Amino acid sequence: MNVSSILLWGFAATVLLTSLTVAAQSLGLTRVDIPFIIGTMFTPDRDRAKVIGLAVHLINGWVFAIAYGLFFEDIGDATWWYGGLLGGLQGMFIVAVLLPILPGIHPRMVSDFRGPEPTRLLEPPGFFVTNYGRITPLVLLVAHVLYGATIGAFYSLSS
């Protein structure tokens, strides 16, 4: 595997994905804040959570980029549409499985089955993450497709 290429393009793709979700949030298309959700798993300090969450999200982006690189090396080809397809599968998994089960493991997220509590908790994502806005599943899916397409388009296979 071309480590320098996957680290560079994995980082760039993760920055793109994060920027797209932040832009969508700023435009009122969604209320999801992935770095904040991740960060509050580690600290109750809401300001510090954004910094920690961003760092963990970037590391996760590299981990997934390595998996993409291994896939591309295995098939002997890296294209934007292979990457986009992998990103779409990853995005569907995140929207349909990962985020909806998050209340079961996140220490500061209320579930759909618990009532209000005296401490502030994060809202659960709900079915297909729609508690964060009706368009949220589409935003996350598009962002992940573009993440994968970026890696696929620019990753250089090992020689």
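I start with Thr-14, which lies in helix α1. Helices here are DSSP runs of H or I with at least four residues, strands are runs of E with at least two, and both are numbered from the N terminus. The model is predicted, with local features needing pLDDT of at least 70 and side-chain atom pairs counting only at pLDDT 80 or more, while totals for chains, interfaces and linings use all residues. Residues are numbered from 1 along each chain as its sequence is written, and side-chain values use heavy atoms, with hydrogens and water left out.

Is Thr-14 buried or exposed? Thr-14 counts as buried because its relative accessibility is 2%. Buried means under 20% relative accessible area, exposed over 50%, and partly exposed in between, with a 1.4 Å probe and protein chains only.

Leaving aside neighbours within four places in sequence, Thr-14 is in contact with His-57, Leu-58, Gly-61, Trp-62 and Tyr-147. Contact means heavy atoms within 4.5 Å.

Now the helix pairs. Two packed helices are described by the angle between their axes and the distance between the axes.

For α1 and α3, the axes come within 8 Å and cross at roughly 130 degrees. Axes are lines fitted to C-alpha atoms, for helices over the stretch in contact, and angles run from 0 to 180 degrees between N-to-C directions. α1 and α3 are therefore oblique to each other; under 35 degrees counts as roughly parallel, over 145 as roughly antiparallel, 65 to 115 as roughly perpendicular, and the rest as oblique. Residues making this contact include Thr-14 and Leu-17 of α1, and His-57 and Trp-62 of α3.

What about α1 and α5? Their axes come within 9 Å and cross at roughly 155 degrees. That makes α1 roughly antiparallel to α5. Among the residues in this contact are Thr-14 of α1 and Tyr-147 of α5.

Last, α5 itself. Its buried residues, Tyr-147 and His-144 among them, pack against α1 (3–26), α2 (34–39), α3 (46–75) and α4 (80–101). α5 covers residues 136–154, and at 1.5 Å a residue its 19 residues should span 27 Å, which agrees with the 27 Å between its end C-alpha atoms. The expected span is 1.5 Å times one less than the number of residues.
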